[in-house]
Amino acid sequence: MAAVPSAQTTRKRTAAAFSTRNAAVLAATALALSAFVVPAAAEDAPPALSVHDLTPDESRSSAELSPPPADAPDGVVRLDATPTVQEGVVTSARKPQVLKREGRLWMYRSTDDFPPDEQDVKVVNVRQDIKAKRIIVDAEYYATPTASLNTIVWVYAGRWNKAKETCSGEVVVAGVGHGASDNAAFADVKGKEVGKATRSFSGGVLRITATGAGAANQKYDCVFAYVDEPLTETTTRQLKSSGAEDFKAQMEKAPEFDFYSSKLNAAYPGKWNKIYLNVENDGNLAAKKVKLKLAGKGMKFKKKTISLGTIKPGKSKKVNLQVKLTGKKTRTLTVKATATGKWTAKTSTKVGYRPKPTKVKSLVGKSYWAAPLVANEGWVVHGLTFVNKTWAYQGVPKAGIPKCSSKVKGCKKYSYSATTGKLKIGKLQAKVDSEGIQVTKVAKKGDDKMYFSPLANPKKNSRIKVKLTYNDFNGCGLLFYCSTWTQHLSLNKAGKFSWTYSGITSSGPPGNQVFVSVVRPTKKGTYKILSKNRIQFSYVDAKTGKKKKETHTIGIDSNELGKHAPKFGLLIGSMPHL
């Protein structure tokens, strides 16, 4: 329900709206309403009297910020896809249709005095049946209107203007509380008749029925209303108005395919490579006999057509596509999903060449990182830095490659065989190749058998041009506590940087939560890549006005093809900016 505006605010807003209503609409409607000539104009884009929470478009053509399945491999996201359409029905490609719409409008006083019950409308219900080309307006009165205590009810249907935060009316259905059956009208905001309208009154409800082409439009997504008192043949007084509300859609039942995979998938030469794909039905109709048809130049497929069977609404099925890449060029893999009823949608992902793993001659000077899943935690970064042939540092050093000894916490002796690729750090055992380090035996019971990915070391005095984001959270599970934060880092070739921070924290049980948001001053200044995997930020502290320097460990991440570049991500301390 709309939030109730104050009487003063309502009076000011509706008075302004009243003075700008479209004259052509009123002229056309006045003829239909016979003796009741309406105000000087009818507004086609009133200011919203309430916060309008518009429902999202039911047919989506691009990926939204929806999370991947919980059991999906790292790097999986929702892929861009075409809307799920029905081929060969009415047109070559048809989106799921809107069948009906409904809206409920609470009416608020526009005057200081209370209208008599015969002129007092408390609520207006609006229903649209697209197939029947009909809009029905039911206005509930406190008492039956009379010839001397009469009203005109105006109901607008239109589209929500996000920029102006208004409902822009496109058609108006109007009728009198007391009068003949034809004292009603159905017109667009330019005054052109778009159908016929009749009115009736029974059981305290004024019903206005509008039929015709104007009622067959699926795109009306908001409604609003006015109640006016006819004073003379040429003047009226506004008694009540509503805020703009959603004209909620009832959609035709249809499946809707969503696809989840990595945007870039690695393919080793001469091998059948598994490409993870999750197909979800986000619609309200079961997708039966679902098939995936694969296509793409420079690729071979073990199966070009894969059957998934039935996918019920809200359910998904995952499959590993068997792909063999020919050559080293990155190719586009296209996937077309079809289901009974000719429902179909398409998506695509990239498949690129990744060299076969090779042996690593030496670990000296190399850095690695891992981030295992931890309950109620976001990024929990673990690091490995091989300082020399004897010492390895476990953890993320605060400022570059540390100096190790038996007295330094985190430093441990290690042994490594370049021939076998076997690594030992204390009780921990692992297998090493060019792609990373796989722990095969943990140091203590309960530890994760983590996989560490290699980081590239930036060159001293090098310059970087990137815009990266670091998102993280703490809590946000079954706890009555949740903290999330985001940092945006921008570096350019001129040696300048910008680093922002914003976060929000909630605590307490539902219904009694306390929310705190934090936006820190943006750090702006210069950066410098130092030796030993360090980056130094120099800036003026916004609070103290003093010059300040921060030094962090830095590492360059890689993409799915094993290529390292700053654009794929930077590990700044233990903060993955991706």
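This is a predicted model: local features need pLDDT of at least 70, side-chain atom pairs count only at pLDDT 80 or more; totals for chains, interfaces and linings use all residues.
Let me start with Pro 397, which, once residues up to four places away in sequence are left out, touches Thr 385, Pro 402 and Thr 553. Pro 397 sits in the loop between β27 (391–394) and β28 (411–416), and with a relative accessible area of 7% it is buried. Its C-alpha atom is separated by 9.7 Å from that of Ile 554, although the two residues are 157 residues apart along the chain.

Setting aside neighbours within four places in sequence, Asn 533 is in contact with Ser 367, Gly 400, Ile 401, Asn 457, Pro 458, His 552, Thr 553 and Ile 554. With one of these, Asn 457, there is a polar contact between the two side chains, at 3.0 Å. Is Asn 533 buried or exposed? Its relative accessible area is 7%, and because buried means under 20%, Asn 533 counts as buried.

Stepping back to the whole chain, we have 2 helices and 40 strands, and of the 578 residues 45% count as buried. Among contacts with a separation of 6 or more, 57% are between residues 24 or more positions apart. The chain exposes about 30,000 Å², with carbon and sulfur atoms supplying 53% of that area.

One place to look on that surface is the nonpolar patch formed by Val 514, Val 516 and Val 518, which together have about 220 Å² of accessible area. Val 516 belongs to strand β36, and at 45% relative accessibility it counts as partly exposed.

For a contrast in setting, consider strand β8, residues 166–176, where 9 of the 11 residues are buried, so the strand is largely enclosed by the rest of the structure. On one side of the pairing scheme, β8 is joined by 10 bridges to the antiparallel strand β7, residues 152–161, with Trp 154 standing opposite Ala 174 in β8. The hairpin of β7 and β8 has 4 residues between the strands, and there Glu 165 takes a positive phi near 55°. β8 also pairs in the antiparallel sense with strand β9, residues 184–188, over 5 bridges, and in that pairing Val 171 stands opposite Asp 188 in β9.

Finally, the charged pairs, for which the count comes to 12 salt bridges. Which parts of the chain does the salt bridge between Arg 237 and Asp 113, at 3.5 Å from N to O, bring together? Arg 237 lies in strand β13 (residues 236–242) and Asp 113 in the loop between β4 (98–109) and β5 (121–129), so the pair ties together parts that are 124 residues apart in sequence. Both are partly exposed, Arg 237 with a relative accessible area of 29% and Asp 113 at 37%.

In another salt bridge, the closest N and O atoms of Arg 354 and Glu 435 are 2.7 Å apart. This pair links distant parts of the chain, since Arg 354 is in the loop between β24 (343–353) and β25 (367–370) and Glu 435 is in the loop between β30 (428–433) and β31 (436–441), 81 residues apart. Arg 354 and Glu 435 are both buried. Returning to Asp 113 and Arg 237, salt bridges that share partners join them with Glu 229 into one network.

Conventions
Residues are numbered from 1 along each chain as its sequence is written. Side-chain values use heavy atoms; hydrogens and water are left out. Buried means under 20% relative accessible area, exposed over 50%, partly exposed in between (1.4 Å probe, protein chains only). A polar contact is a pair of N or O atoms within 3.5 Å; within protein, one must be able to donate a hydrogen and the other to accept it, and residues adjacent in sequence count only if both atoms are side-chain atoms. Contact means heavy atoms within 4.5 Å. Accessible areas come from the Shrake-Rupley method with a 1.4 Å probe; for residues, only the protein chains shown count as cover. Patches are made of residues with over 30% relative accessible area and no salt bridge: like charges are joined within 9 Å, nonpolar side chains (Val, Leu, Ile, Met, Phe, Trp, Tyr) within 5 Å. A salt bridge is a side-chain nitrogen of Lys or Arg within 4 Å of a carboxyl oxygen of Asp or Glu. Two strands pair if DSSP finds at least two bridges between them.
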